[in-house]
Amino acid sequence: MAVFSRNVFSSSSVVVVVVLLNLFFLSFTEARDHLVGGKTDSWKIPSSESDSLNHWAEKSRFLVGDSLVWKYDGKKDSVLEVSKRDYVTCNTSSPIAVHNDGDTKIVLEHSGAYYFISGAKGHCGQGQKLIVVTLSEKNMRRFADAPAPSPVEFDGPAVAPSSNAASLKASLVVAFGVLVGFWL
């Protein structure tokens with residue numbers, strides 16, 4: 001009877017470890033929706049430099065697959081995705097994409113910089129614009145403890161990782177295997 005209860009405990013331990021592993025790895029890969037500015041009324045002319053959306057973006061981390069969500073009055077404003085040049089010059093005449101539905105969701109499909117400006121006349125020149133730097137999943141793991149890259153200083157694609165993410169996963173699996181061994 002003691003052998004039977006030991007086997008039941010071992011099976012339960014394995015199930016717990018499998019569930020924990022799945023939760024752990026999902027936390028690295030689950031795409032997120034980011035409400036731009038962290039609140040519904042943030043797509044507007046900033047009241048000061050410290051109120052700039054780029055300050056919010058500097059404190060946030062964005063992965064490939066994440067989405068940016070804007071909530072705004074689509075009758076009065078729009079979100080334009082533009083090139084870096086058009087971002088700097090506030091040129092609204094040749095956007096990559098135009099969004100004016102008031103409830104815009106843009107999936108970040110590649111690593112690197114994304115540039116957004118307001119389509120309302122004069123708003124970009126008064127600071128209503130945003131740069132978001134998206135890291136690949138591999139880069140996100142590499143920079144997990146580093147500060148977010150500054151969109152103001154960003155001038156190219158995301159940095160390639162110098163370590164292999166597969167080795168990280170292998171190390172974690174071994175560590176959990178050792179942990180399971182203690183339970184058995």
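The mean pLDDT of the chain is 76, with 58% of the residues at 70 or more. Where pLDDT is low, the predicted coordinates should not be read in detail.

Now the overall layout. The chain has five helices and eight strands. In sequence order the pattern reads α-β-α-β-β-β-α-β-β-β-β-α-α. There are 184 residues, and 35% of them are buried. As for contacts with a separation of 6 or more, 72% are between residues 24 or more positions apart.

Five strands form an open sheet in the order 2-8-7-4-5, and the pairing is mixed. Which strands stand at the edges? They are strand 2, residues 62-63, and strand 5, residues 97-99; each has a single partner strand, so one side of each is left without a neighbour in the sheet.

Let me walk across from the strand 2 side. Strand 2 runs parallel to strand 8, and two bridges join them. Phe62 is placed opposite Thr134 of strand 8. Going on, strand 8 pairs with strand 7 in the antiparallel sense, over six bridges. Within that pairing, Tyr114 has Val132 of strand 8 as its bridge partner. Strand 7, residues 112-118, then pairs with strand 4, residues 79-82, again antiparallel and over four bridges. Here Val79 stands opposite Ser118 of strand 7.

Strand 8 covers residues 129-135, and seven of its seven residues are buried. That holds for both faces: Lys129, Ile131, Val133 and Leu135 lie on one side, and Leu130, Val132 and Thr134 on the other. Note that a lysine, Lys129, is in the buried set.

In soluble globular proteins, nonpolar side chains tend to be buried together. The largest nonpolar core in this model has 16 residues, and Trp43, Leu68, Trp70, Phe116 and Leu130 have the most contacts inside it. Helix 2 (53-58), strand 3 (67-71), strand 7 and strand 8 each give it at least two residues. Helix 2 makes the largest contribution, with three. Apart from this core lies another, of eight residues, including Leu80, Tyr87, Ile117 and Ile131.

Phe116 itself lies in strand 7. Is Phe116 buried or exposed? Its relative accessibility is 0%, so Phe116 counts as buried. Leaving out residues up to four places away, its contacts include Trp43, Leu68, Trp70, Leu80, Ile106 and Leu130.

Now the charged pairs. The count of salt bridges comes to two. In one, the side chains of Lys105 and Asp33 meet at 3.2 Å, N to O. This pair links distant parts of the chain, with Lys105 in strand 6 (residues 103-107) and Asp33 in strand 1 (residues 33-35), 72 residues apart. Lys105 has a relative accessibility of 49% and therefore counts as partly exposed.

The other is Lys71 with Asp103, whose closest N and O atoms are 2.8 Å apart. Lys71 sits in strand 3 and Asp103 in strand 6, 32 residues apart. Lys71, at 32% relative accessibility, counts as partly exposed, and Asp103 does too, with a relative accessible area of 42%.

One backbone detail to finish. Cys90 has a phi near 60°, a positive value in a residue other than glycine. Cys90 is in the loop between helix 3 (84-89) and strand 5. With 22% relative accessibility, Cys90 counts as partly exposed.

Technical notes. Residues numbered from 1 in each chain as written. Predicted model: local features only at pLDDT ≥ 70, side-chain atom pairs only at ≥ 80, totals over all residues. Heavy atoms only, no water. Pairing = 2+ DSSP bridges. Buried < 20%, exposed > 50% of the residue type's maximum accessible area, 1.4 Å probe, protein only. pLDDT = per-residue confidence, 0-100. Core = buried A, V, L, I, M, F, W, Y, C linked by side-chain atoms within 4.5 Å. Contact = heavy atoms within 4.5 Å. Salt bridge = Lys/Arg side-chain N within 4 Å of Asp/Glu carboxyl O.
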